[in-house]
Amino acid sequence: MATFDFHQLDRFYGSSTSIRRPREFTYFSFDDKHELRTLCTDSLSYYHPPVFNAPGTHAPPIDLSAGFDSFVQRDDGIDEHLDALLDTLQAHEEQLLQDVQGGSVKIEDVRTKADIVTWRGMMTKILTAAFDMFNEFEMNATCFQGTISFIEENNAAKAARRTAQNNQKTPRGGAPQEMMQYWGYKFETLSVLPKPWAECTRQEVEARDAQTVNNNAQYCSIVRTGIGAISLIIAGEVDAVLGEKPDSPDDPIPWIELKTAAEQTGHPREAVKFERKLLNYWAQSFLLAVPTIMVGFRTPDGFLTRIQELSTQKIPSQVKQGNRTWDGNVCINLTGAFLEILKRTVIGDGVWRIRRKQGEKRIEVFKVEEVGTGSILKPSFKAHREKL
Ligand code: A3P
Ligand code: MG
Ligand code: MG
């Protein structure tokens with residue numbers, strides 16, 4: 001067992017360890033029934049903000065609760081493991097294999113190599129661990145062909161947490177949790193188009209107002225990146241692109257992350273709360289190189305008040321000039337140090353648990369299965385890799 005203790009954060013302050021800019025090398029879509037489409041951009045969305053409060057226009061206020069009764073909601077109780085990510089890596093590698101036959105790719109370059117393969121959500125939890133005292137997690141990790149893969153342990157830990165969240169009392173005068181969640185998806189639906197704006201008719205743009213909100217469709221980007229000595233492959237959903245994806249794979253992609261947040265009324269406590277929220281916004285966006293976050297502020301009853309553009313890169317320095325509730329360099333340095341321990345611990349056969357309990361300033365890594373790869377890696381992926 002390895003214990004990574006971060007009671008003392010002093011050693012993580014200072015300039016941050018080196019980071020490789022995350023670059024997308026493949027992607028997938030889930031369609032509106034949540035069916036997987038590997039190497040497919042069908043669910044890519046294009047940012048185009050809703051028109052409201054514009055001087056000279058008489059557009060009615062935007063009610064984010066509208067259409068709540070017809071919300072088509074993804075069943076997130078299903079344990080999806082790393083399946084979509086692994087299927088996409090396999091499809092990507094199979095495509096490279098064809099290029100080997102054509103002579104443009106060497107066979108040894110087909111297998112995607114990295115120290116760690118995981119979902120962005122898992123990395124967000126590690127990146128925010130030092131400053132988010134409500135943060136807790138249980139993940140499973142295994143080592144296969146030299147790569148550590150890890151996912152959240154879904155069933156027990158995740159289900160228990162969800163039940164606790166759902167049982168939380170709605171604050172007096174506040175909206176229920178499910179409604180607040182809906183506002184986030186409604187804001188996304190009102191802020192994106194299925195095609196670049198220039199290819200849409202006015203009717204298509206206006207149709208968003210009455211569109212059923214369905215959170216099954218997702219576009220997920222898979223990037224290569226690195227923190228210190230550790231190389232990573234990270235997959236996560238991106239909400240929209242500004243303009244279009246550039247033609248060259250070397251150019252950064254102008255991704256947009258969409259968020260909703262309660263409008264500020266000027267109370268200092270609200271500023272602190274928002275700064276803590278920024279930690280998650282920043283961590284999530286930083287990991288996939290999403291440069292811009294559009295925050296839709298709303299009234300307590302879900303009416304949009306304004307949209308504010310945030311630059312991901314500038315968030316840590318804004319926080320330094322604000323209430324200093326967190327420090328981006330500490331997040332990165334702590335992550336780099338933890339991943340090195342993980343790499344040294346998860347070696348050979350078996351399954352490890354990575355656990356952080358709420359309120360504790362340590363992450364524990366311990367073996368839970370002596371052999372095999374648990375249910376982390378699907379058999380078809382292993383069969384594909386063993387053929388390579
Ligand atoms: P908001 O972030 O606007 O509240 P994401 O921001 O990651 O693209 O997620 C879109 C929406 O999914 C969120 O909108 C929120 O409604 C919901 N959501 C995301 N993560 C959640 C979580 N951990 N618990 C509850 N709802 C979540
Ligand atoms: Mg999203
Ligand atoms: Mg979002």
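This is a predicted model: local features need pLDDT of at least 70, side-chain atom pairs count only at pLDDT 80 or more; totals for chains, interfaces and linings use all residues.
Residues are numbered from 1 along each chain as its sequence is written, while chains are lettered from A and ligands numbered from 1 in the order in which they are written.

**More on helix α6**
- The helix covers residues 268-287, and its 20 residues should span 28 Å at 1.5 Å a residue; that expected span is 1.5 Å times one less than the number of residues.
- Its end C-alpha atoms are 29 Å apart, which agrees with the expectation.
- After α6 comes A289, with a positive phi near 60°.

- You'll find T312 in the loop between β14 (304-311) and α7 (315-321).
- Is T312 buried or exposed? T312 is buried, because 21 other C-beta atoms lie within 10 Å.
- Not counting residues up to four places away in sequence, T312 touches W282, S285, F286, V290, P291, T292 and I293; two residues are in contact if their C-beta atoms, placed from the backbone, lie within 7 Å.
- T312 and D247 are 65 residues apart along the chain, and their C-alpha atoms are separated by 23 Å.

**The whole chain**
- Count up the secondary structure and you get nine helices and 16 strands.
- For 388 residues, a compact globule would have a radius of gyration near 21 Å, and the chain's 21 Å agrees; this radius is taken over C-alpha atoms, and the globule rule is 2.2 Å times the number of residues to the power 0.38.
- The C-alpha trace spans about 65 × 55 × 40 Å along its principal axes.
- Buried residues make up 33% of the 388.
- Among contacts with a separation of 6 or more, 70% join residues 24 or more positions apart.

**The nonpolar core**
- A nonpolar core is a set of buried Ala, Val, Leu, Ile, Met, Phe, Trp, Tyr and Cys residues joined through C-beta atoms within 7 Å.
- The largest one has 85 residues, and L85, A141, I234 and V241 touch the most other members.
- Helix α8 (residues 328-345) provides the largest share of this core, seven residues.
- Setting aside neighbours within four places in sequence, V241 is in contact with L44, Y46, Y47, I253, P254, W255 and I256.

**Around ligand 1**
- Which residues are around ligand 1? They are Q181, G184, Y185, F187, D239, K259 and T260, where near means a C-beta atom, placed from the backbone, within 6 Å.
- α4 (177-191) gives the most to this shell, with four residues.

**Two positive phi values**
- L39, in the loop between β3 (36-38) and β4 (46-47), has a positive phi near 50°.
- L39 is partly exposed, because it has 14 other C-beta atoms within 10 Å.
- R324, in the loop between α7 and α8, has a positive phi near 55°.
- R324 is exposed, with 9 other C-beta atoms within 10 Å.

Conventions: A residue is buried if 20 or more other C-beta atoms lie within 10 Å of its own, exposed if 12 or fewer, and partly exposed in between; C-beta atoms are placed from the backbone.
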